[in-house]
Amino acid sequence: TRKQTWAEVNAYWCRRVLEEQRAQLVHAHYGYTGYHALAIRKALGLPLVTTFYGADTAPIDAESCSLGDYRARLFAEGDLFLVEGPAMKQRLAELGCPRDKIQIQRIALRLNEMPFPTKRQLAGRKPVFLFAGRFVEKKGVIYALEAVRQLAGAGHQFEFRIIGDGPLNGDLRRFADEQQLHSHVRFLGFLNHPQYLEELQSADIFVHPSVVAADGDSEGGAPTSILEAQAYGLPIVATTHADIPNVTAPGHSALLAPERDSRTLAENMALLLE
């Protein structure tokens with residue numbers, strides 16, 4: 001017999017495990033995973049639910065994606081598609097998914113494990129801004145650093161702590177060095193989730209200026225970190241991106257700027273500092 005592809009071998013073992021566990025449903029995370037799960041759905045006759053997240057709604061580059069426009073087949077054969085909010089629902093519909101197959105499934109947090117502070121003490125220390133996320137274009141960290149440069153130039157006293165790592169690490173650190181932001185910016189590197197939650201509890205304002213990347217990648221819904229920051233009582237400085245306006249209360253829990261608008265970001269950060 002011909003040599004089996006890795007995808008075929010993987011599908012075989014997935015089907016075998018699902019049969020042994022007497023599975024009644026397949027839940028795929030990300031659109032391209034849902035596409036690969038179609039073979040399992042067909043073989044076992046199980047309903048297929050696929051959750052979309054954002055990167056899987058970007059335009060497909062036919063030259064680099066061997067799957068081609070896989071979404072058309074997935075939307076036709078898949079049974080249900082979950083998204084984080086109304087903006088993501090609209091995006092999936094624009095891509096051709098039948099609206100009656102799309103359902104909003106909001107992200108849930110264990111609030112009993114996230115104590116809401118009654119008061120934050122600022123005596124004897126600088127106010128702390130915090131960002132947490134991957135260092136990729138859609139997170140918009142460079143615009144936060146540009147806003148920090150403007151705040152520092154206006155004489156504001158604060159600290160901007162940055163949690164994360166990623167492809168843009170060198171570029172972001174270089175910008176901070178070139179703009180001489182050492183007294184205001186601290187790169188904390190990658191932290192595990194408990195360490196990150198500790199930083200949330202000791203911060204004062206959460207910053208997350210998401211944008212649509214040049215390749216179309218976006219948050220899709222909204223960063224979970226924004227939900228977690230609000231659970232800990234932090235005001236949010238972010239952008240009118242994807243479902244961020246739907247998981248915050250703009251003007252109440254959050255001050256939102258247009259994407260890539262570092263000047264408005266700086267104004268919103270200054271307003272909270274003052």
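Buried residues make up 44% of the 274 residues in the protein chain, where buried means under 20% relative accessible area, exposed means over 50%, and partly exposed is in between (1.4 Å probe, protein chains only). What you're looking at is a predicted model, so local features need pLDDT of at least 70 and side-chain atom pairs count only at pLDDT 80 or more, while totals for chains, interfaces and linings use all residues. Residues are numbered from 1 along each chain as its sequence is written, and side-chain values use heavy atoms, with hydrogens and water left out.

Let's get the overall picture. The C-alpha atoms fill a box of roughly 70 × 45 × 30 Å, taken along the principal axes. Now for contacts, meaning heavy atoms within 4.5 Å. Among those with a separation of 6 or more, 65% link residues 24 or more positions apart.

Start with the sheet of four strands. It is open, runs in the order β1-β2-β3-β4, and has parallel pairing; two strands pair if DSSP finds at least two bridges between them. At the edges sit β1 (26-29) and β4 (102-104), each pairing on one side only. From one strand to the next, the twist averages 25 degrees. Further in, β2 (residues 48-51) and β3 (residues 80-83) are joined by three bridges in the parallel sense, and V49 stands opposite L80 in β3.

Now find helix α2, which lies across β1 and β2 and runs at about 170 degrees to β2. Angles like this run from 0 to 180 degrees between N-to-C directions, with axes being lines fitted to C-alpha atoms, for helices over the stretch in contact. Just after α2, G45 takes a positive phi of about 70 degrees.

Next comes the sheet of six strands, which is also open and parallel, in the order β7-β6-β5-β8-β9-β10. Its edge strands, β7 (185-189) and β10 (254-257), each pair on one side only. Take β9 (residues 236-239): four parallel bridges tie it to β10, with A238 opposite L256. Three bridges join β9 to β8, again in parallel, and there F206 stands opposite I236. In a regular strand the side chains alternate between the two faces of the sheet. You can see this in β9, where I236 and A238 point one way, V237 and T239 the other, and all are buried. Helix α8 (residues 224-231) lies across β5 (128-132), β8 (205-208) and β9.

What about the nonpolar cores? A nonpolar core is a set of buried Ala, Val, Leu, Ile, Met, Phe, Trp, Tyr and Cys residues joined through side-chain atoms within 4.5 Å. The largest has 28 residues, of which F129, F160, I162, V185 and M269 touch the most other members. Its largest share, seven residues, comes from α5. A second, separate core of 22 residues includes V128, A203, I226 and I236.

Finally, visit some loops. S210 is in the loop between β8 and α8, and counts as buried because its relative accessibility is 0%. Leaving aside neighbours within four places in sequence, its contacts include K138, K139, T239 and H241. A242 lies in the loop between β9 and α9 (244-247) and has a positive phi of about 50 degrees although it is not a glycine. R260, in the loop between β10 and α10, also has a positive phi, near 65 degrees.

Definitions and conventions: Helices (H or I, at least four residues) and strands (E, at least two) are DSSP runs, numbered from the N terminus.
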